[in-house]
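Biologist: I have a structure open and a few things to ask about it. Can we go through it piece by piece?
Modeller: Go ahead.

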Amino acid sequence: MTKTAKTYGGALYDLAKEEALCEELLKQLQLIAAVFDENPEYRKLLLEPSIPKEERRKLLDDAWQERVHPYVLNFMKILCDNGTVGQFGDCVEAFRKRYHADEGIMEVRAVCAAQLRPDLQDKLREKLARMTGKKIELTACVDENLIGGIRLELPDRQYDGSVQHHLHEIERLLQGSAV
């Protein structure tokens, strides 16, 4: 993440915090980031120097004026004017990190061999919240290379309860005792 993204994302976060709009603006920023990810040509269009700034600003107004808070729209216009729309995703990341830090939210990724049922996700979220004392934002994903079990990826550590990990541990123990 660039210093520019931290500065811009942090400045928008400070404004959102003052106005008690952090959660709302984060959702809107993530929506726009998803649109940019799905349509990279749209981001390129907003960066195109042959298109006058006023025309690019109008494109933003037409697309987002009725859908996002004016702070978010103006933020996008500033990035567009400064030629830094390409860093939008990193700005959102900076905003999100500040929000999560202030709200005591920990991101955890659960990697499983099969789709984790919603009730199990809830139980896992509750258990992790008790363990860490934080609110848990859980992302569950499937890794078809796993035989079974679950691997939890936290910001500062990893818990590997996958079958493959257990098999590797057994193999390591057997090799150690054979010497």
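Modeller: One definition before we start: helices (H or I, at least four residues) and strands (E, at least two) are DSSP runs, numbered from the N terminus. This is a predicted model, in which local features need pLDDT of at least 70, side-chain atom pairs count only at pLDDT 80 or more, and totals for chains, interfaces and linings use all residues. Residues are numbered from 1 along each chain as its sequence is written, and side-chain values use heavy atoms, with hydrogens and water left out.

Biologist: Fine. Where is alanine 20?
Modeller: Alanine 20 sits in the loop between helix 1 (3–18) and helix 2 (22–38). Its phi is positive, about 55°, although the residue is not a glycine.

Biologist: Is alanine 20 buried or exposed?
Modeller: Exposed, with a relative accessible area of 70%. The cut-offs are under 20% for buried, over 50% for exposed and partly exposed in between, with a 1.4 Å probe and protein chains only.

Biologist: Now the whole chain. How many helices and strands does the protein have?
Modeller: Eight helices and four strands. Along the sequence the pattern reads α-α-α-α-α-α-β-α-β-β-β-α. The radius of gyration is 21 Å, well over the 16 Å that the globule rule gives for 179 residues, so the protein is more spread out than a compact globule. That radius is taken over C-alpha atoms, and the rule is 2.2 Å times the number of residues to the power 0.38.

Biologist: What does the C-alpha trace span along its principal axes?
Modeller: About 75 × 35 × 30 Å. Of the 179 residues, 34% are buried.

Biologist: And what share of the contacts comes from residues 24 or more positions apart?
Modeller: 65% of the contacts with a separation of 6 or more. Contact here means heavy atoms within 4.5 Å.

Biologist: Give me an example in a strand. What does valine 111 touch?
Modeller: Valine 111 lies in strand 1 (residues 105–112) and is buried at 2% relative accessible area. Leaving out residues up to four places away in sequence, valine 111 touches Cys141, Asp143, Leu146, Gly149, Ile150, Arg151 and Glu153.

Biologist: Over to the surface. Which residues form the nonpolar patch?
Modeller: Ile147, Val163, Leu167, Ile170 and Leu174, with about 470 Å² of accessible area together. Areas come from the Shrake-Rupley method with a 1.4 Å probe; for residues, only the protein chains shown count as cover. Patch residues have over 30% relative accessible area and no salt bridge; like charges are joined within 9 Å, and nonpolar side chains (Val, Leu, Ile, Met, Phe, Trp, Tyr) within 5 Å. A salt bridge is a side-chain nitrogen of Lys or Arg within 4 Å of a carboxyl oxygen of Asp or Glu.

Biologist: Where does isoleucine 147 lie?
Modeller: In the loop between strand 2 (135–142) and strand 3 (150–153). Isoleucine 147 counts as exposed at 58% relative accessibility.
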